[in-house]
Amino acid sequence: SGLLPRAAVFRTHGGRARAIECGDLKIDVAFIAAPSADAYGNINGVTGETACGSLGYAFPDADYADQVVAVTDNLQPYPLTPISISQERVDWVVELEKIGDPNGIVSGTTKVTKDPVQLIIAQNAAKAIAASGLLQNGFSLQTGAGGASLAAAAFIAGMMREKHVVGSFIMGGITGLLVKMLEEGLFKRILDVQDFDLEAVRSVRENPAHEEVGACLYASPFNSGCIVNQLDCAILGATEIDTDFNVNVLTGSAGAIMGGSGGHSDAAAGAKMTIITANLTRSRIAVIKDRVRTICTPGETVDVLVTEWGIAVNPRRTDLLERFKKAKLPVHSIEKLREKAERLCGKARPIPEGERIVGIVEYRDGTIIDVVRARA
């Protein structure tokens, strides 16, 4: 609506960490919720009644803010262990009766989807990974915490058991399903920036193979090496994707801002193969466009689109196209899938937009790749 006095800046997880490291984003004071703390400022997120797991996204704030305030409802005797953020980074410790409602994390394990369409997409994504040749010992994977992503992870787990593959690490939105894969021996490590259920919190607290990592290590493009560069495969979602494989996860079909892009373009840039999973149509609107409304992840970093109607491969990846055809996967051009979607629901009329810029979309390296304009 354009109510803010100046444009909002949208950064990725890695892009925000980079901006803090480079001084582009100056933090005067960081308030960090601490499920456990001692009076000297050592804090963690894995103990206490409000335990939330990894505090990884707060690491750069603690490192670079002028003042760091740890806010806790569980003050423990010195020294607190384990330590996620240590005392030399913390200036103040504030004790409150309650720092928040833990129901968000105790609501139970994020569920694998039971939607048959989503299950078809997840199964096709797993088949694409198998056909790519990447599913070998040492395989690394990032997946989200959504139902379709978890379903894809479940199908991948079955393939790994069948082929006796042991992966190197898994990361992303950590849930009980991924913890189970670690404990079963399908992966050697979990690298964890954020947890999405209590099983993940338990695991990062108890299992030394489940490692808490910060946002800079996860995805900052300007340090000496980030984790996303070691990914074999990333499974990501999309609000829209266009025929150049550009992806939008920021604005909806009507142009409204829905939220940030998270680590979407970070993972896409680093992974050897980036898979986008999406329904061909949503609410009678085609997901594939001639051009997405807002570019969040550039098409040059996206390799594969998986829908319930088939799989499209970025023309840059002739190697994957040959492998998928050899495996008899349902491969189509992205243009053919767009035409199919438009036959099903028609071509949407573009929503008019005004001239005023209300949002600036930064790529992970700080370059501006798109803007969001106010409604006309």
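One cavity of 30 Å³ or more is found in this predicted model. On a 1 Å grid over the protein atoms alone, a cavity is a set of points where a 1.4 Å probe fits but cannot get out; a pocket is an open set with protein on both sides within 12 Å along at least five of seven lines; lining residues have an atom within 4 Å of a point. Grid points are joined across faces, edges and corners, and a volume is the space filled by probe spheres set on the points. Local features need pLDDT of at least 70 and side-chain atom pairs count only at pLDDT 80 or more, while totals for chains, interfaces and linings use all residues. Residues are numbered from 1 along each chain as its sequence is written, and side-chain values use heavy atoms, without hydrogens and water.

The largest cavity holds about 50 Å³. Its lining includes Phe-10, Arg-11, Thr-12 and Glu-362. By class, that lining has four nonpolar, two polar and two charged residues. Here Ala, Val, Leu, Ile, Met, Phe, Trp, Tyr, Cys and Pro count as nonpolar, Asp, Glu, Lys and Arg as charged, and the others, Gly among them, as polar.

Of its 20 lining residues, Glu-240, Lys-289, Ala-348, Arg-349 and Pro-350 are the closest to the centre.

Next, strand β15 (residues 273–277). Helices (H or I, at least four residues) and strands (E, at least two) are DSSP runs, numbered from the N terminus. Five of the five residues of β15 are buried, so the strand is largely enclosed by the rest of the structure. Buried means under 20% relative accessible area, with a 1.4 Å probe and protein chains only. Two strands pair if DSSP finds at least two bridges between them. β12 (residues 233–236) pairs with β15 in the parallel sense over four bridges, and Ala-234 stands opposite Thr-274. β19 (residues 304–307) also pairs with β15 in the parallel sense, over three bridges.

Last, helix α1 (residues 13–22). Its buried residues include Gly-14, Ala-17 and Ile-20. Just after α1, Gly-23 takes a positive phi of about 85°.

Methods: Buried means under 20% relative accessible area, exposed over 50%, partly exposed in between (1.4 Å probe, protein chains only).
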